[in-house]
Amino acid sequence: MKISITKIIIFSSVIFVLIIFWQGLKKDKNYDTKSLIGSKISNFNLMEINNVDQYISEEDLKKNRYTLINFFASWCAPCRVEHEYLLNLSNKYQQIKIIGINFKDKKNNANSFLKELGNPYDFIGKDADGKISILFGIYGIPESILINDELTVIKKIVGPINQIQFEDILKIIK
Amino acid sequence: MKVKIFFFIISFSFSGHLFSDDSQTKLLEIYKNLRCLVCQGQSIADSNSDFAATIKLVVQDQVQEGKTKDEIYSFLISKYGEWIVYQPTLSKNNFLLWILPYVVFFLGGLLIFFISRKNKQNKTN
C-alpha cells in the first residue's frame, strides 16, 4: 500500500498540534509565586510609618533568624482576618520578627487599625505609593513573605494567613 | 488650601510633559509587553487597576534612571517570574513556542511542494 508523503505530513501535523493542545490543557495557568521561593530579597530601604528618620534595610533583617514581612492596610478586610495569627506569632515565638509594610494607606488610619486590633509588628514601614511592594513581588494585599537570615524567601503567602499557613510557618521556625 | 490647589493644578498640567515623545513611546511599548497579573487578559497599558498603576510608576522611575527595556523586564521577571512579560525570553521551557512558527512554515512549504509536484505528475500522465 502506497502512503503519500502529503498524507504523512498532514497526519503528523495534526498529531503534533493535538499534543501541544493536550500539554497546554494540563498546565496550570493561574499565576503563582512559587518560582520566587529560594530567591533572595535585596536593595530596599523602608521608612518607619511614624518616624521619617528611622529606616530599615536588608542588612537589618540579616540579624533576625526569621523575618515575616507582612503587607497590610487599614482598608483591607482580609488583613483583619489574619491579624490574630500575626499577634500569636509575635507574642509566643521570639525566633521570628514581623515587619509590617503599610500599603497605600493613611498614617492615621493605620495607627487606628493597630490600636484597635493590636500591634504584632517589630517595625512598621510605609509604602505610600506601592513602589516598595513591587520590590517584594507583591500584587495584592494581604501578602506575607517569610525569609531567613540569609534573606532567602522560604515561604510566600498570597492572601490572608490561615490556620494551615500558620502551622506551616511554625514548622519552619521551630 | 488655595495654595495647595494651585500647586496641584500646576503639577497636574505639567505631568504630561515630564517624558519626551521617545520616552512616552518606550513607556507604552514596555506597558504593552507587561501582563496585568490581577486582570483578565489585559496588559499593563490597558489596565487601570491598582497593580497596573503601581507597575507604571516603577517603570517610569526606571526609564528616568536610564534603564533599558531588557533591564526593566529582567527586574520585573526577577520579582514576578516570566509570566509578567507577554514576550518571554528564549529558554529550554519555551523554545517550542519560539521555533513552532518556523516548523509550521517549513512543513507548510513542504506540503505545498509535494501537492504541486503531485498535480504536475497527474497532468503529465
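User: In this predicted model, what is the order of the five strands in the open sheet of chain A?

Analyst: The model is predicted, and the sheet in question is open, with mixed pairing. Its edge strands are E5 (123-127) and E7 of chain A, each of which pairs on one side only. Neighbouring strands are turned against each other by 20 degrees on average, direction ignored. Read across the sheet, the order is E5-E4-E3-E6-E7.

User: Do E4(A) and E5(A) pair in the parallel or the antiparallel sense, and over how many bridges?

Analyst: Strands of a sheet pair through backbone hydrogen bonds, either parallel or antiparallel. Phe103(A) has Asp127(A) as its bridge partner in E5(A). The sense for E4(A) and E5(A) is parallel, and the number of bridges is five.

User: Which residue of E4(A) is the bridge partner of Leu68(A)?

Analyst: The strands involved are E3(A) and E4(A), which pair in the parallel sense over seven bridges. E4(A) is mostly covered, with seven of its eight residues buried. The partner of Leu68(A) in E4(A) is Ile98(A).

User: In what sense do strand E3 (residues 66-72) of chain A and E6(A) pair?

Analyst: Six bridges join E3(A) and E6(A). One residue pair to look at is Thr67(A), which stands opposite Ile147(A) in E6(A). The sense of this pairing is antiparallel.

User: How many of the six residues of strand E6 (residues 143-148) of chain A are buried?

Analyst: A residue counts as buried if 20 or more other C-beta atoms lie within 10 Å of its own. By that cut-off E6(A) is mostly covered. The number of buried residues in E6(A) is five.

User: What is the bridge partner of Ile147(A) in E7(A)?

Analyst: E6(A) is joined to strand E7 (residues 153-158) of chain A by five bridges, and the two run antiparallel. Another pair across these strands is Leu146(A), which stands opposite Lys155(A) in E7(A). For Ile147(A), the bridge partner in E7(A) is Val153(A).

User: Which residue takes a positive phi in the hairpin of E6(A) and E7(A)?

Analyst: The hairpin has four residues between its strands. The phi in question is near 70 degrees. The residue that takes it is Leu151(A).

User: On which residue is the kink in helix H3 (residues 77-92) of chain A centred?

Analyst: H3(A) lies across E3 and E4 of chain A and runs at about 150 degrees to E4(A). The helix has a kink of about 35 degrees. The kink is centred on His83(A).

User: Which elements of chain A do the buried residues of H3(A) pack against?

Analyst: The buried residues of H3(A) are Cys79(A), Glu82(A), His83(A), Tyr85(A), Leu86(A) and Leu89(A). An α-helix has 3.6 residues a turn, so residues three or four places apart point the same way. The elements that the buried residues of H3(A) pack against are E3, strand E4 (96-103), helix H4 (107-117) and helix H6 (163-173) of chain A.

User: Is Asp53(A) buried or exposed?

Analyst: Asp53(A) lies in the loop between strand E1 (45-47) and strand E2 (55-57) of chain A. Its C-alpha atom is separated by 22 Å from that of Ser112(A), 59 residues apart along the chain. Because 6 other C-beta atoms lie within 10 Å, Asp53(A) is exposed.

User: How far apart are the C-alpha centres of domain 1 and domain 2 of chain B?

Analyst: Domain 1 of chain B covers 17-89, and domain 2 covers 90-125. Among contacts in chain B between residues at least 6 apart in sequence, 40% join residues at least 24 apart. The distance between the two C-alpha centres is 37 Å.

User: Which helix gives the largest share of the side of chain B that touches chain A?

Analyst: In this interface, 17 residues of chain B are in contact with 16 residues of chain A. Helix H3 (50-64), helix H4 (69-80) and helix H5 (95-124) of chain B each supply at least two residues of the chain B side. That side divides into 13 nonpolar, two polar and two charged residues. The largest share, six residues, comes from H5(B).

Technical notes
Residues numbered from 1 in each chain as written. Chains lettered and ligands numbered in written order. Predicted model: local features only at pLDDT ≥ 70, side-chain atom pairs only at ≥ 80, totals over all residues. Buried ≥ 20, exposed ≤ 12 C-beta atoms within 10 Å, placed from the backbone. Pairing = 2+ DSSP bridges. Contact = placed C-beta atoms within 7 Å. Nonpolar A, V, L, I, M, F, W, Y, C, P; charged D, E, K, R; others polar. Bend = angle between axes of the 7 residues up to and from the residue. Axes fitted to C-alpha atoms, helices over the stretch in contact; angles between N-to-C directions. Domains from an automatic or database assignment.
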